[in-house]
Amino acid sequence: MATLPSTRPRNRRLVSRNTVAGWSFILPNFVGFAVLTLLPVLVLFYVAFTNWNVFGAAEWTGTANFRRMWDDASFWTALRNTVYYTVFHIPLTLAASLGLALLLNRKLRGVRFFRTVAFFPYITSIVAIAVVWNQLFSPEYGPINALLGAVGVDNAPGWTTSSTWSMPAVIIVGTWRYMGYYMLLFLAGLQTIPAQLYEAAETDGATPWQRFVHVTLPGLRHTTFFVTVLLTIESFKVFDLILVMTGGGPGQSTLVLSQYIYQKSFEENQFGYASAVSIVLFAICFSITVIQFMVNKRRNS
Amino acid sequence: MTTTDLAAPAPAITVPGSGRPPSRRVASRGWRLVGYAALVLAAAGLLLPFYWMVVASLKTNSDVFTIPITWLPDPVVWRNYLDIWQRSDMTTWLGNTLLLSMVVTLLQVVTGSFAAYGFARVRFPGRNALFLAYVGTIAVPWQSYMIPQFILMSKLQLSNTLWSIVAIQAFGAFGVFLMKQFYETIPEELSESARVDGLSEFGIYRRIMLPLSRPALASLALLTFVTTWNDYLGPLIYLRSPELRTIQLGLNTFISQYNAEYALIMTGSVLSVLPVAVIFLLGQRYFIEGIATTGLKG
């Protein structure tokens, strides 16, 4: 901004004109956004400290909801299952999507077709995906166990009918669904790496593995970081896939945090308590994102 | 969350491996074969569920699960595709979903691109803080604030109406983000010279930015359409009456009602996926560019 006294009135007029223009562009979207997203996020922090149950007024109960959560075995099961899903889903998806991206970044025929195929699961609805995979996973007649039997696995897992194998089944489907999406992000990242770097590495006699470790991976650092952040949030909020595929079962073997929130609020009308669980979910996602950004910043400097 | 990390614009994808020198000819033949083998295997794994879906949808119910597995329908039961309309309320579900997807897409594209112009090109106090609020909520899972949002919608008398889905889907931060990313790649000088010529901000948006941003608008429209079409949780929470059901909700009730009708369930699934598949195949380029420029969705 110029500070000469003579230009100040004009500047001020420009600023106020820009403010009006700016807000009038943003307003139509902002009204909806503020009412439907910002406001609910703020209200959440109030409801979590009440015993609201749809009927009657919400009564302020302080930290009662959080103390109750501490002794709630189902809450801990849901949290544990969410972490279980996350711990496997993130590395598996990272490896699969990076592998696919590296494969597609080569001059092979049919790459374009394959990119379409890989992205397809991501745009297919959860309901259709869940019901197909449930048929594929069918313990006695499904093709997956038939394949396992063909390669000599004797007692093939019961997948979604067994409490030990239902979570692995969900993780497999989750990875299958999302790897094409992250593959696209990696592919975009790969193309920002200058070709000269590879040429230089090659003249220095670097093996393909060395090129991967010393050129590709450092060049992808930014993308990998971004993908990890997205994957973390996506994993912690996993819900609809599990809801349709296993309904949290058998027993509570695939019950996750989001589903627990849903059960407590929309099935049992305990909106206050469910909001407290929501805050935990929110806090986890938020703090992990912040930590990741801090670590990334330190590594960059 | 800082905007700088998110805002790094990724380049459009060109396939395959452009710019890579074709110099490794000696060792490459073996690697090529390995590469192709890997591609074929991965493609088979990715496609198997879709293959199963289509094949099972054309089988008689008792043929879906057999030992050994039959990989081709014999006889081919086209009848399933007639029966499904009588056995379920497909017409209503598809109609509702189509209506919702179109209204949401229209609103998202119009308000999103409008707001994005304000964020990208008009300088005013508080702009960056406001944009941070938008981007920040992308990191907040919807599941964590669905309860207060539901309370609010009930207070507004919107729950159990199709409007509730329009309301929760149409004003997302995603559209604003995608369009802003795109507008920032358009040279400032263009709007600067238009300003000198006396065009208002709205005029610049309409005459210059909109025509230039057609590809980005297409990306946003397609991504929004597909997201709304596929949404399961929103309708699950908000739409209670059977006549308001969307295709995802309807399909899921059909599945729990007729859980032993394996073939018909697959027929319904194919029908629910088909429109999205067609849209995707037609507008593939826009999907991929949209994802690459934002890297943000889902």
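1. Let's start with the domains of chain A in this predicted model.

2. Staying with chain A, the UniProt record (an unreviewed entry) annotates "transmembrane region" at residues 20–49, 83–104, 116–133, 165–188, 241–261 and 273–295. Two of these spans can be set against the model. Residues 116–133 of chain A are 89% helix and 0% strand, with end C-alpha atoms 20 Å apart. For residues 165–188 of chain A the figures are 96% helix and 0% strand, and the end C-alpha atoms lie 35 Å apart.

3. For chain B, an unreviewed UniProt entry places "domain: ABC transmembrane type-1" at residues 94–283.

4. A helix pair within chain B is worth a look. Helix 4 (residues 90–121) and helix 8 (residues 173–183) of chain B have axes 8 Å apart and pack at an angle of about 50°. Because of that angle, helix 4 of chain B counts as oblique to helix 8 of chain B. The crossing of these two chain B helices is right-handed.

5. Which residues of helix 8 of chain B meet helix 4 of chain B? They are B:Gly175, B:Val176, B:Met179, B:Lys180 and B:Tyr183. On the helix 4 side of chain B, the contact residues include B:Gln108, B:Gly112, B:Ala116, B:Tyr117 and B:Arg121. By class, the residues of this contact between helix 4 and helix 8 of chain B are nine nonpolar, four polar and two charged.

6. Now for the two chains together. The contact draws 85 residues from chain B and 85 residues from chain A. Helix 2 (residues 28–57) of chain B gives the most to the chain B side, with 13 residues. That side of chain B has 59 nonpolar, 20 polar and six charged residues.

7. One helix pair spans both chains: helix 13 (residues 271–300) of chain A and helix 6 (residues 142–155) of chain B, whose axes come within 8 Å and cross at roughly 150°. The two helices are therefore roughly antiparallel to each other, and their crossing is left-handed.

8. At that crossing, A:Phe271, A:Ala274, A:Ser275, A:Ser278, A:Leu281 and A:Phe282 meet B:Gln143, B:Ser144, B:Tyr145 and B:Ile147. The residues of this contact between helix 13 of chain A and helix 6 of chain B divide into six nonpolar, four polar and no charged.

Technical notes:
Residues numbered from 1 in each chain as written. Chains lettered and ligands numbered in written order. Predicted model: local features only at pLDDT ≥ 70, side-chain atom pairs only at ≥ 80, totals over all residues. Axes fitted to C-alpha atoms, helices over the stretch in contact; angles between N-to-C directions. Helix = DSSP H or I, 4+ residues; strand = E, 2+ residues; numbered from the N terminus. Parallel < 35°, antiparallel > 145°, perpendicular 65-115°, else oblique. Left-handed = near helix turned anticlockwise from the far one by under 90°. Contact = placed C-beta atoms within 7 Å. Nonpolar A, V, L, I, M, F, W, Y, C, P; charged D, E, K, R; others polar. UniProt positions renumbered as here; feature names shortened; annotations may be inferred.
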